Amino acid sequence: IKSARVMKKAVAYLLPFMDAEKKAALAAAGKDPDAFNEDDVSNFAGTFLIATVKGDVHDIGKNIVAVVLGCNNYKVYDIGVMCTCEKILDEAQRLNVDVIGLSGLITPSL
């Protein structure tokens, strides 16, 4: 639990720097960073839905993967922990994602 708290604090600290880097990259590409539309998926390398499966509340690995994907220009939809199969599939269809990523400890929850 302690490492999860540290990771969340680290991500919160780094997010403004990552956002600034993204804006700088857009400006370097000749695009207006203030006109960047987060809802326009064509601005991203792809779309990725990520969730922790029902029966598991551990989300450290999921959060790390989501940050790495975000840093690599993927639109990440993180739908949380303890997600049922139905919820995952419903959200994937609603959001029309390219990839679904699931996280779960190797326990009876899988």
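This is a predicted model: local features need pLDDT of at least 70, side-chain atom pairs count only at pLDDT 80 or more; totals for chains, interfaces and linings use all residues.
Residues are numbered from 1 along each chain as its sequence is written, and side-chain values use heavy atoms, with hydrogens and water left out.

Let's start with α3, residues 85–95, where Ile88, Glu91, Ala92 and Leu95 are buried. Buried here means under 20% relative accessible area, exposed means over 50%, and partly exposed is in between, with a 1.4 Å probe and protein chains only. Helices (H or I, at least four residues) and strands (E, at least two) are DSSP runs, numbered from the N terminus. An α-helix has 3.6 residues a turn, so residues three or four places apart point the same way. On the face turned away from the buried side you'll find the exposed residues Glu86, Gln93 and Arg94.

What covers the buried side includes β1 (46–52), β2 and β3 (99–103). The largest nonpolar core has 9 residues: Leu49, Ala51, Tyr77, Ile79, Cys83, Ile88, Ala92, Leu95 and Val97. Such a core is a set of buried Ala, Val, Leu, Ile, Met, Phe, Trp, Tyr and Cys residues joined through side-chain atoms within 4.5 Å. α3 gives the most to this core, with 3 residues. Leu49 is in contact (heavy atoms within 4.5 Å) with residues including Ile88, Glu91, Ala92 and Leu95, leaving aside neighbours within four places in sequence.

Methionine 82, in the loop between β2 and α3, has a positive phi near 60° and is partly exposed at 39% relative accessibility.

Finally, the largest pocket is lined by 23 residues, with Asp19, Lys22, Gly70, Cys71 and Tyr74 nearest its centre. A pocket is an open set of points on a 1 Å grid over the protein atoms alone where a 1.4 Å probe fits, with protein on both sides within 12 Å along at least five of seven lines; lining residues have an atom within 4 Å of a point. α1 gives the most to the lining, with 8 residues.
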